[in-house]
Amino acid sequence: MMQREESRTDLGTIKIHKNVIASIASLAANEIEGVKRVGGDFKSGVLSLIGRKSSAAIKVEFDKNEEARLEISLVIEYGFNIPEIAIQVQESVRAALEKMTNLSIKDININVQAIEKGEGA
């Protein structure tokens, strides 16, 4: 199983670990208003407190053409349009990954796992 995306320069190789890709995706997803959190269940919420949520909530795979496929689990805040938020997350994650990693992104699949009320609601 391929763990890293690797590219070669004149000075050597650059490896980007899947966890880095998952972290970038997690941060980009959390920037979207209406995303309550990345990850679906209480356990992933606890893991987020110790900084390990992104690898559990986001799956990163590479196909034989070295294109990345991501699967992102989300909890959406109640009252927001779910398809709209999902599209915004896809666009935000794609932009962040292309800017920071130069990866070719094949798919960004969104799994909305729950709806929760916002703070003070």
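User: In this predicted model, which residue does the side chain of Arg-37 meet in a salt bridge?

Analyst: Look for a carboxyl oxygen within 4 Å of a side-chain nitrogen. For Arg-37, the N to O distance is 3.0 Å. The partner is Glu-116.

User: How many residues apart in sequence are the parts that Arg-37 and Glu-116 tie together?

Analyst: Arg-37 lies in strand S3, residues 35-38. Glu-116 lies in strand S6, residues 105-116. So the pair ties together parts whose separation in sequence is 79 residues.

User: Is Glu-116 buried, partly exposed or exposed?

Analyst: Buried means under 20% relative accessible area, and exposed means over 50%. Glu-116 has 27% relative accessibility. Glu-116 therefore counts as partly exposed.

User: Which strands does the salt bridge between Asp-107 and Arg-69 tie together?

Analyst: The closest N and O atoms of this pair are 2.6 Å apart. Asp-107 and Arg-69 are in parts 38 residues apart in sequence. Asp-107 sits in strand S6, and Arg-69 sits in strand S5.

User: About how many helical turns separate Arg-94 and Glu-98?

Analyst: These two form a salt bridge, with the closest N and O atoms 3.7 Å apart. Both are in helix H4, four residues apart. That spacing is about one helical turn.

Definitions and conventions:
Residues are numbered from 1 along each chain as its sequence is written. This is a predicted model: local features need pLDDT of at least 70, side-chain atom pairs count only at pLDDT 80 or more; totals for chains, interfaces and linings use all residues. Side-chain values use heavy atoms; hydrogens and water are left out. Helices (H or I, at least four residues) and strands (E, at least two) are DSSP runs, numbered from the N terminus. Buried means under 20% relative accessible area, exposed over 50%, partly exposed in between (1.4 Å probe, protein chains only).
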